[in-house]
Amino acid sequence: MRKIFNNNQFAIVVSMFATILIAILLSMSFAIPSVVYASDDSVGEIFYAATGSARKETETFSYVTKTTESYSINISFPNYYNTNTSLQNTCANVAGANIIGYFDRYFENLIPNVTPGAGKTKYTYYAMTRNMAEKQAVINDLYVRMQTNVDRDGNTQTQYKNGITSYVQSKGLAVSYNAVMTNGQFDLNKAKAQFQAGNPISLYMSGYGFANITDNGSLVTLDKNIYDDNHIAIAYGYEKVDYCNSHGGLLRSVIYLKVATGLQGVSGVYVVNNYGKLNDAEAVCIK
Amino acid sequence: MDNKELYEILQEYADDVKAEKESAFKKLNEQPKEDVKQSRKRFKPQYAFAIAMCMVVVVLCIALPIALTDKPHGYVEPTYCSSGEIIFGFEGNSLADIEKYHIDAYYPTLVTDKENMAVCSILSDKDTSLHGIQIGYVLEEDEDEMTFIELAIVPKTHILQIYEDYFDLQEKIKWNKYDVKYFRALNQGTLMYDTQIYFTDGKYDYFIDVESDGEIETTDLLNLLYN
């Protein structure tokens, strides 16, 4: 019989075969997470079109003492979600509806025939359940005004703002936007000023996480839902916590933003600079 | 040439031929020995070991997952749906709006006025096949005493990512004939109590999410839904 391989070649072939076989089998067992942020257009504008597919992560860290400062424009905030199955990529529309729902407390005709919340000692915004059809109508309206999915899947930041502006102006009101970023970073001082003025903040995110926090007095656990797409959520308050060691030295300083996620069944805080990229953050004021 | 001379010539030729024949046979006899030697080289133990290891890996990868699962015979793995693979569709304000789906589940009997109740279908975002239903309530004792309830009913053929944490709830009670799991805590952000409840009737999973200004016992919440 004619020899095809010499001994070394034969050993290499067997090793390669075994390696390929093992790699194939392992790939069937483990899903390799991919980080693919949604695309931008030819002029660099990002399209926000959250898919809502999450993976779980847990982060823990210890501390001895902590100091906290916080502020919220209200104890609760609208957290609407899309219930129209014919609409896709609605995160910008839902974020806009949450802004409109919040200001409907002050300008009753923003959402016709809807009382957004109630309360004497504290004002609580009703769940999406109450007046669901009327709230969905706002999302439907913004879907058209924002030209969702016309150019590409989702909306750009410009389309999102144009849609809100168009809606608000149709109700005889005016809207303004104020950036709370400095040199590409979230600026807490600017955000504080906007929150204290009663203005919620739109967060434009590429890769993000919403965390539920457990703090037993010395150990903080962040149970996070992590997403690798582009999304717009609304922040309505913050909590800045400085975690220190036994000597009072700063271990880490964390900014938690209270958010309306816009995703059904998903709650939690947005932890600044924890995962993904915050592309921009703008306060919205309706007058 | 006489006969003697001819014999000598022939004898000489025969001797030459014999010598070549022996020489040829000698080469022929040696050739198989080399072949055998080369064949033995190809099947060195390390190659056999590598092939055996490959076979072991293949067998383990196939057999271990099967051997280590304790699923009963005939068990069908539920379809897992990530939160991005489902959509909620508003159907109306009463249970009558989902009769068309013919779901023979354990429905709540709680009824409120229409603006405070909403019924949604939970659909696949790919083919809009039904993955469950959601029934929501807003209850308002007074302006400072609100309760928001969302009950999702999901067939056991599906596991929805947004509800999978409910399976791990730690607190347990017995309510009617059901083994109920739950968790309740005061949400420091909203100053409302968040309660999660899970039970199953074997055919459907029932996931209940409650936000309430007052602390409400799990049994009372279930009695409120199924009074």
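**From a loop outward**

Modeller: Let's begin with A:N113, which sits in the loop that links helix 2 (91–103) to strand 3 (117–118) of chain A. Keep in mind throughout that this is a predicted model. The backbone at A:N113 is worth a look: phi is positive, about 60°, although the residue is not a glycine. Is A:N113 buried or exposed? There are 11 C-beta neighbours inside 10 Å, so A:N113 counts as exposed; the limit for that label is 12 or fewer.

Another asparagine in chain A belongs in this story. A:N273 has a phi near 60°, again a positive value in a residue other than glycine. You'll find A:N273 in the loop between strand 11 (269–271) and strand 12 (277–286) of chain A. A:N273 is exposed too, because 11 other C-beta atoms lie within 10 Å.

Now for some contrast. A:A233 is part of strand 9 of chain A, which covers residues 219–244. Once you set aside neighbours within four places in sequence, the contacts of A:A233 include A:A95, A:L203, A:M205 and A:Y270. A run from A:V259 through A:A260 and A:T261 to A:G262 is in contact with A:A233 as well. Take A:V259: it is 26 residues away from A:A233 in sequence, yet the two C-alpha atoms are 6.6 Å apart in space.

Staying in chain A, have a look at how two helices meet. Helix 3 (residues 132–145) and helix 4 (residues 157–170) of chain A pack with their axes 8 Å apart, at an angle of about 120°. That angle is why helix 3 of chain A is called oblique to helix 4 of chain A. The crossing of these helices of chain A is right-handed. On the helix 3 side of chain A, the contact comes from A:D141, A:L142 and A:R145, and helix 4 of chain A answers with A:G163, A:S166 and A:Y167. Sorted by class, that contact between helix 3 and helix 4 of chain A has 2 nonpolar, 2 polar and 2 charged residues.

Next, step across to chain B, which has 3 helices and 10 strands. Reading from the N terminus, the elements of chain B go α-α-β-β-β-β-β-β-β-β-β-β-α. Chain B has 227 residues, and 26% of them count as buried.

In chain B, 8 strands build an open, antiparallel sheet in the order 2-3-4-5-10-9-8-7. Strand 2 (86–92) and strand 7 (171–175) of chain B are at the edges with a single partner strand each, so each has one side without a neighbour in the sheet. From one strand to the next, the twist averages 25°. At one end, strand 7 of chain B pairs with strand 8 (residues 178–187) of chain B over 5 bridges, in the antiparallel sense; there, B:K174 has B:D179 as its bridge partner.

Within that order, look at strand 10 (residues 204–212) of chain B. Of its 9 residues, 8 are buried, so strand 10 of chain B is largely enclosed by the rest of the structure. Strand 5 of chain B pairs with strand 10 of chain B, antiparallel, over 9 bridges, and B:E150 stands opposite B:D209. Strands 9 and 10 of chain B make a hairpin with 3 residues between them, and B:G202 in the turn has a positive phi of about 95°.

Finally, the chains meet: 36 residues of chain B are in contact with 38 residues of chain A. On the chain B side, at least two residues each come from helix 2 (45–68), strand 2, strand 3 (117–124), strand 4 (130–142) and strand 5 (145–155). Helix 2 of chain B gives the most, with 8 residues. By class, the side of chain B that touches chain A has 21 nonpolar, 10 polar and 5 charged residues.

Key:
Residues are numbered from 1 along each chain as its sequence is written. Chains are lettered from A and ligands numbered from 1 in the order in which they are written. This is a predicted model: local features need pLDDT of at least 70, side-chain atom pairs count only at pLDDT 80 or more; totals for chains, interfaces and linings use all residues. Helices (H or I, at least four residues) and strands (E, at least two) are DSSP runs, numbered from the N terminus. Two residues are in contact if their C-beta atoms, placed from the backbone, lie within 7 Å. A residue is buried if 20 or more other C-beta atoms lie within 10 Å of its own, exposed if 12 or fewer, and partly exposed in between; C-beta atoms are placed from the backbone. Axes are lines fitted to C-alpha atoms, for helices over the stretch in contact, and angles run from 0 to 180 degrees between N-to-C directions. Angles under 35 degrees count as roughly parallel, over 145 as roughly antiparallel, 65 to 115 as roughly perpendicular and the rest as oblique. A crossing is left-handed if the near helix is turned anticlockwise from the far one by less than a right angle, and right-handed if clockwise. Ala, Val, Leu, Ile, Met, Phe, Trp, Tyr, Cys and Pro count as nonpolar, Asp, Glu, Lys and Arg as charged, and the others, Gly among them, as polar. Two strands pair if DSSP finds at least two bridges between them.
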